[in-house]
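Please read the following with the model open beside the text, so that each residue can be located as it is named.

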Amino acid sequence: MKSQKAKVKGQNLKVRIGKLLLKNPVLLVSGTCGYGDEIKEFTDLSKLGGIITKTITVEPREGNPTPRIIETPSGMLNSIGLENKGLKDFIHNKAGKLEKLGTAIIVSIAGSNLDEFEVMAEELSRLDVVSAIEINLSCPNVAHSIDGNKFKLTAQDKHATEKVVRRVRKTTGLPIAAKLSPNVTDIKEIAKAAEGAGADAISAINTLFGLRVDINSKKTFLAKGTGGLSGPAIKPVALNFVKEIYSSVKIPIIGMGGISTWEDAVEFIITGATVVGVGTANFVNPSAGEEIARGIKTYMEKNQVNDIMSLIGTVRS
Amino acid sequence: MKQIKTEIISNKEIATDHKVISLKSAHLAKHSKPGQFVNVKCSGQTAPFLRRPFGVYRVRKDGIDILYKVIGEATKLLSAKKPGDILDVIGPLGNGFSTSPLNGNGEQKTILVAGGHGVAPLYALAEEIKKKNKKTDIIALIGARTKAHLLCEKEFKTLGAKVIAATEDGSKGAKGFITKPLLNISGGYELGDKACIYACGPKPMLRAVAEIANAWNTPCQISMEEYMGCGIGICMGCSLVTRDGRKLTCKDGPVFDAKDIVWGQ
């Protein structure tokens, strides 16, 4: 009788980011699913834990000149530069549509200074549709500046990271994730700074700085020059960062970087990710997230894992 | 638009470096319009990673044809596919050409300007114009590197179109770019809406065509080319500047009114 009951109950895939309960650990990551509008034509987003929107900024941004996408071995470089229509447009034209997706909505924000982060956190907190905020501290394609100090990336400086997270923490009761960069010497101290300032989760990793050159014209393929590398090529790098972060903080990790299949996702969970983010894979297979959520469940059934929480960080060497 | 597994019916060379692949798909046959494109996964592995966009060349009863140039790794893989193989395709995508500027009163010329394999969607358009029985003379201006690379000359003629060719090496038609014979068509007059131009090809060609159309005060639609990541409007890679702000080539285009494009980025 007891075992029957357990069978009926099935596998528990629910995970938490702070007070936010996700129905499963699969998210689509920022910049790879827009605001859900286009990708929902190809996949049932309600089958996912949630989506992280394309980063919004207070003012609209045009992004960088094109070309701003180029293929690389098993991946791609981008230099979009946070093109978006701004906070007001999000509130008036996007928030309503997001409500209908039936999945958790995590809004990614990037400010040019602390006040902008505060304004966005405050405005977003008033919207019922917003389940959580991801603070983008690590876009490789825009200039970063906090408190008058310029940084290549905010996420390269633990004090700047701490300041931004603290300000957002003071402003909102929503769960917050800090999105960190792999372009650092020691991710542990940055992750600790974010945790210490009140982050509920660490999103890792953003893209790696990368370059491609056309040997005929001797010009860089991207108009901007340097871009951010993503896709299957960066998966081992991302996994190693997840391992390092897992060993240094207690808050959950939203692991991302090259996840294209459920096997990739399980690898991240075993390494220490509580949540997995599907990014660049969406460009090639817009239903990747849904397939990955199904695959994780099947893996758990086959391996008699009743609760996904018991799988996290079980890696051995 | 849908992600579908299509069966390859044939995959044949039609000119140097150029092939036509025929796909079986009721969905693509029913919904594809000239100027729209499909995004094809050429590799079953992670490299080449991204899909490749191809304009619809012919809409058949049971599927569509794609005309493609074998350029790099992805198109080499596509070129090796055999009849019976399955191809992962997303489509049809984007907005196609509009035939509404054609009034069909017989006094108006339809001018198609193609550079290289940019001829593919224009041929689809010519077939549609014929199917709709629009009274218009179609002039197809086709530019290519050499005579061996010249595409669809016979096909256009079969449709009853007048073909004017230009090759960069002069091996067929006028020597140089296709915009030179385009200029000759007007005979120095402003054509206005006595003509309607549709163009597809490399960006510098499109820009030149747009300038000519502007000088003639002639309606002109162009299919824009930008490097695309996803083809469905989520990666924001193929953004271009229009008079109405930034637009995505994949989702808002690839066909635009030439007047709306802000050049020189």
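In this predicted model, the backbone nitrogen of B:Ala148 lies 3.2 Å from a polar atom of the side chain of B:Thr146, and the side chains of B:Thr146 and B:His149 are joined by a polar contact of 2.7 Å. A polar contact here is a pair of N or O atoms within 3.5 Å, where within protein one must be able to donate a hydrogen and the other to accept it, and where residues adjacent in sequence count only if both atoms are side-chain atoms. B:Thr146 belongs to the loop between strand E8 (137–144) and helix H4 (153–158) of chain B; helices (H or I, at least four residues) and strands (E, at least two) are DSSP runs, numbered from the N terminus. Leaving aside residues up to four places away in sequence, B:Thr146 touches B:Thr167, B:Asp169 and B:Ser171, contact meaning heavy atoms within 4.5 Å.

Because the model is predicted, local features need pLDDT of at least 70 and side-chain atom pairs count only at pLDDT 80 or more, whereas totals for chains, interfaces and linings use all residues. Residues are numbered from 1 along each chain as its sequence is written, chains are lettered from A and ligands numbered from 1 in the order in which they are written, and side-chain values use heavy atoms, with hydrogens and water left out.

Turning to the interface, the contact draws 31 residues from chain A and 27 residues from chain B. The area buried between chain A and chain B is about 2,500 Å², with carbon and sulfur atoms giving 62% of it; buried area is the accessible area (1.4 Å probe) that two parts lose on being put together, summed over both. Of the area that chain A buries against chain B, 26% is supplied by A:Phe42, A:Glu71 and A:Val284, more than by any other three residues. Across this interface of chain A and chain B there are 3 salt bridges, each a side-chain nitrogen of Lys or Arg within 4 Å of a carboxyl oxygen of Asp or Glu, and one of them joins B:Lys251 to A:Glu38, with the closest N and O atoms 2.6 Å apart.

On a 1 Å grid over the protein atoms alone, a pocket is an open set of points with protein on both sides within 12 Å along at least five of seven lines, a cavity is a set of points where a 1.4 Å probe fits but cannot get out, and lining residues have an atom within 4 Å of a point. This second largest pocket has a volume of about 600 Å³, a volume being the space filled by probe spheres set on the points, which are joined across faces, edges and corners. H2(A) gives the most to the lining of the second largest pocket, with 5 residues.

The structure also holds 1 cavity of 30 Å³ or more. About 460 Å³ of space lies in the largest cavity, and its lining comprises 37 residues, of which A:Ser30, A:Thr32, A:Asn78, A:Asn206 and A:Thr207 lie nearest its centre.

Finally, two peptide bonds deserve a look. A cis peptide bond joins A:Ala204 and A:Ile205, with omega about 10 degrees, and A:Ile205 lies in the loop between strand E12 (201–204) and strand E13 (208–210) of chain A. Another cis peptide bond joins B:Gly253 and B:Pro254, with omega about 0 degrees.
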